[in-house]
Amino acid sequence: MKNTGMTRPLDSLGRIVIPKELRTSMGIQAGESLEFYLDVETGLLSMRKYIGVCCHLCHSVQDLSYFRDSFLCEKCIQDLKGNIEVCPIPVPAVKEAGGSENSIKRSSSQHLVEHID
C-alpha cells in the first residue's frame with residue numbers, strides 16, 4: 001500500500017470525503033458502491049470499488065467463475081475461448097515507393113541520426 005499523505009476529518013455523522021485525485025485514479029464515480037476491508041490487528045481500514053457478484057462482461061448472475069479479480073459467466077468464457085464475433089483489424093494497403101529518394105519525407109529524428117553517422 002502507498003501512503004498518499006492526505007487526511008480528511010469525519011463529520012458529525014461519521015462521513016468522510018474521498019479526495020478527488022483518489023476517486024479519479026480508482027475510477028470511482030459519485031453514487032457507486034464501495035466495499036470496506038478491516039485488519040483488526042494493524043487497525044488498517046481499506047476500501048475499493050464494489051464489483052458485485054455478476055459477470056464482468058454481460059452482468060449475468062448464473063454459472064460464474066472467479067478470474068483475475070472479477071467474475072465471468074460460462075457463456076462469456078466460451079465466447080472468449082472461441083473468439084466469437086471478433087473481427088480482425090483490417091491492415092491498410094501499403095503503396096510502393098515511387099520516384100527519387102529525395103521525395104521521401106523523413107521525421108526530424110531520422111535526419112538527426114543520418115547527420116551524426
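Buried here means under 20% relative accessible area, exposed over 50%, and partly exposed anything in between (1.4 Å probe, protein chains only). The model is a predicted one, so local features need pLDDT of at least 70 and side-chain atom pairs count only at pLDDT 80 or more, while totals for chains, interfaces and linings use all residues. Residues are numbered from 1 along each chain as its sequence is written, and side-chain values use heavy atoms, with hydrogens and water left out.

The chain comes to three helices and four strands, taken as DSSP runs numbered from the N terminus (helices H or I, at least four residues; strands E, at least two). Read from the N terminus, the order is α-β-β-β-β-α-α. Of the 117 residues, 9% count as buried. Contacts (heavy atoms within 4.5 Å) tell a related story: among those between residues at least 6 apart in sequence, 4% join residues at least 24 apart.

Ser70 is one of the buried residues, at 13% relative accessible area. Ser70 sits in strand S4 (residues 70–73) and, leaving aside residues up to four places away in sequence, touches His56 and Ser65.

A search of the whole structure turns up one aromatic pair. Tyr66 and Phe71 make it, edge-to-face, at 5.0 Å centre to centre and 65 degrees between the planes. For such pairs, ring centres of Phe, Tyr and Trp (its six-membered ring) lie within 6.5 Å; planes under 30 degrees apart are stacked, over 60 edge-to-face, and the rest tilted. Tyr66 itself is exposed, at 52%.

On the surface, Phe36, Leu38, Val40, Leu45 and Met47 form a nonpolar patch with about 570 Å² of accessible area together. Patch residues have over 30% relative accessible area and no salt bridge, with nonpolar side chains joined within 5 Å and like charges within 9 Å. Strands S1 (34–39) and S2 (44–49) each supply at least two of the patch residues. Val40 belongs to the loop between S1 and S2 and is exposed at 69%.

Four salt bridges were found in the whole structure, each a side-chain nitrogen of Lys or Arg within 4 Å of a carboxyl oxygen of Asp or Glu. Lys49 meets Glu32 at 3.5 Å, N to O. Because Lys49 lies in S2 and Glu32 in the loop between helix H1 (20–26) and S1, this pair ties together parts 17 residues apart in sequence. Glu35 pairs with Arg48, the closest N and O atoms being 3.0 Å apart. Glu35 is in S1 and Arg48 in S2, so here the parts tied together are 13 residues apart.

Methods: Accessible areas come from the Shrake-Rupley method with a 1.4 Å probe; for residues, only the protein chains shown count as cover.
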